Amino acid sequence: MPDALTIGHYVPGDSVVHRLDSRVKLLLTMAYVIVLFFAVRPGAYAVLALLPLAGYLLARLPLRMVWQGLRPVVAVLLLTLILNALMTPGHPLYRIGRLAVTAEGLQVGVEMAVRLILLMVTSTLLTLTTSPIELTDGIESLLRPFRRLGVPAHELAMMMTIALRFIPTLLEEAQNILKAQQARGADFETGNLLRRARAMIPLLVPLFVGAFRRADELATAMEARCYHGGEGRTRYREYRIARSDWVAAAVTAAALLFVLVDRALGV
Amino acid sequence: MGHLIEVRGVRFFYPSAGAAEGRRTALDGVDLTVDEGEWVAVVGANGSGKSTLAKHLNALLLPAEGEVRVDGKSTRDPVHLWTIRRTVGMVFQNPDNQIVASLVEEDVAFGPENLGLPPEEIRRRIASSLAAVGMGDFARRAPYQLSGGQKQRVAIAGVLAMQPRCIVLDEATAMLDPAGRQEVLQAVERLRRERGIAVVMITHFMDEVAHADRLVVLSGGRVVADDSPRAVLARAEEVAQLGLEVPQVSELALELRREGLPLPADLIAPQELVEALCRLRSST
């Protein structure tokens with residue numbers, strides 16, 4: 001079962017990419033995604049494609065993982081391509097009844113598809129090389145300045161930590177309940193969708209009741225260990241920005257700047 | 001010198017729709033003291049109020065009447081809340097529902113982090129606490145990969161990292177197999193021996209109480225016995241009437257006495273019974 005539990009499919013490793021500070025990785029990924037939508041010319045896309053490619057190679061991740069990251073969104077990609085090709089007004093290339101594939105549409109469609117591919121590939125690189133714990137710490141740290149605006153940075157991070165902790169426990173409990181109900185003759189496999197959905201009720205009710213009981217006990221245990229929110233709390237893990245973080249940031253910034261300049265000159 | 005923990009005339013009620021006056025009495029005037037470095041076992045049948053009592057010892061519950069003092073400080077005073085909770089640590093029954101983080105060392109860090117200690121001090125405490133319960137090699141493991149006994153030792157390490165003077169084990173071995181129970185008991189025994197930490201062990205396993213300094217029996221929210229385990233178990237018949245299981249040795253000795261064998265009443269270890277029987281045989 002542990003295989004099914006790797007959330008965000010983190011691949012443990014000790015490469016340069018793995019060791020980058022999670023805050024740096026988060027910020028760079030965000031900047032990348034924003035700039036992605038400013039790219040216009042093939043040269044800019046080529047530069048943008050090189051960044052995640054270099055990341056995968058440096059992280060020593062097999063390139064088939066790029067494909068694995070894309071597989072769930074293939075349908076969305078195709079749909080984007082088809083809809084854009086048909087719906088954009090312009091010179092018709094090929095007619096299907098009252099619909100026409102236009103040259104402009106094809107271009108917009110391909111462009112959108114490429115952007116989505118790069119978006120998926122890059123964000124997958126982040127979750128492949130950053131452990132959920134580091135990711136949580138990074139998000140908490142980045143959100144901290146916004147606390148004055150009412151962003152519950154610590155609470156969000158604590159919820160993520162506890163959710164990660166309890167996923168295996170609840171999965172195991174679900175398995176146990178499933179077996180217990182099957183032993184009593186429950187049928188989860190036959191019938192149409194509605195029937196099967198209804199069959200899940202005897203699974204979900206005890207699972208939820210159990211989860212609430214656990215939450216109650218956990219809250220008591222946390223209080224017993226002096227938990228009183230994020231105020232005055234320290235962390236045992238310390239993150240420091242290293243030279244490799246600066247290098248990664250500089251290289252990414254240069255590439256993103258190129259894309260922006262390219263757009264300013266090209267339009 | 002005062003006591004480390006002092007419980008005086010504590011009464012506590014749970015709201016209950018069915019009961020008279022809309023409340024059910026859980027503790028009905030409990031007096032109890034725990035001294036520095038002492039091992040106190042608390043036993044009682046289901047509903048005797050032993051878990052409720054445990055939650056009073058570090059201010060998770062506050063008495064309706066009476067008072068609980070930890071190191072002289074009343075649990076009612078909110079100023080002392082965090083001092084009291086770091087002085088008296090608590091380990092609960094279900095190991096799965098008290099581990100907060102998905103990494104062993106991160107969970108042990110949880111308490112000290114809440115206390116706002118500097119990172120290097122927390123890292124020192126993680127290492128020494130895990131070593132003290134024999135889990136030093138598991139710092140980077142995920143809790144769900146551990147056995148019940150190992151998880152419970154991680155929970156003890158998490159409490160230990162706050163450097164408490166007393167650890168309350170609220171049926172902490174109830175969900176474990178015999179091997180896991182043994183692991184946990186040995187870890188606790190070592191902490192008491194080597195660090196002088198007082199232990200309050202709430203349990204319904206009578207086999208676990210023989211090594212305690214004192215045995216407290218609760219029934220119906222009252223303390224009905226508070227003496228050395230030997231003295232309490234000598235009243236085996238009374239203990240059995242309270243719905244408690246007497247240790248096998250005491251029960252066997254009781255049956256033999258009923259059959260007319262002149263055995264002493266205070267046998268609690270198998271070895272003692274063997275020796276008493278041998279003496280009996282050689283004297284006849």
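Predicted model: local features only at pLDDT ≥ 70, side-chain atom pairs only at ≥ 80, totals over all residues.
Residues are numbered from 1 along each chain as its sequence is written, and chains are lettered from A in the order in which they are written. Local features need pLDDT of at least 70 and side-chain atom pairs count only at pLDDT 80 or more, while totals for chains, interfaces and linings use all residues; side-chain values use heavy atoms, without hydrogens and water.

**Exercise 1. Find which residues touch the most other members of the largest nonpolar core.**

Step 1: Start with the terms. A nonpolar core is a set of buried Ala, Val, Leu, Ile, Met, Phe, Trp, Tyr and Cys residues joined through side-chain atoms within 4.5 Å. Buried means under 20% relative accessible area with a 1.4 Å probe, counting protein chains only.

Step 2: Look through the 55 residues of this core; V91(B), L130(B), I156(B), I167(B), L169(B) and L215(B) touch the most other members. Helix α5 (residues 148-160) of chain B gives the most to the core, with 6 residues. Helices here are DSSP runs of H or I with at least four residues, and strands are runs of E with at least two.

Step 3: Zoom in on L169(B). Beyond its neighbours within four places in sequence, its contacts (heavy atoms within 4.5 Å) include V91(B), I156(B) and V188(B).

**Exercise 2. Work out why helix α3 (residues 104-114) of chain B is largely enclosed.**

Step 1: Count the buried residues. Helix α3 of chain B is largely enclosed by the rest of the structure because 11 of its 11 residues are buried. Among them are V104(B), F110(B) and N114(B).

Step 2: See what lies over them. The cover includes α7 (132-143), α8 (153-183) and α10 (201-224) of chain A, along with α4 (119-132) and α5 of chain B.

Step 3: Go past the helix. G116(B) follows α3(B) and has a positive phi, near 75°.

**Exercise 3. Describe how chain A meets chain B.**

Step 1: Count the contacts: 31 residues of chain A touch 39 residues of chain B.

Step 2: Take the area. The two chains bury about 3100 Å² between them, 55% of it on carbon and sulfur atoms; this is accessible area (1.4 Å probe) lost on being put together, summed over both. R165(A), R225(A) and Y236(A) supply 29% of the area that chain A buries against chain B.

Key:
Buried < 20%, exposed > 50% of the residue type's maximum accessible area, 1.4 Å probe, protein only.
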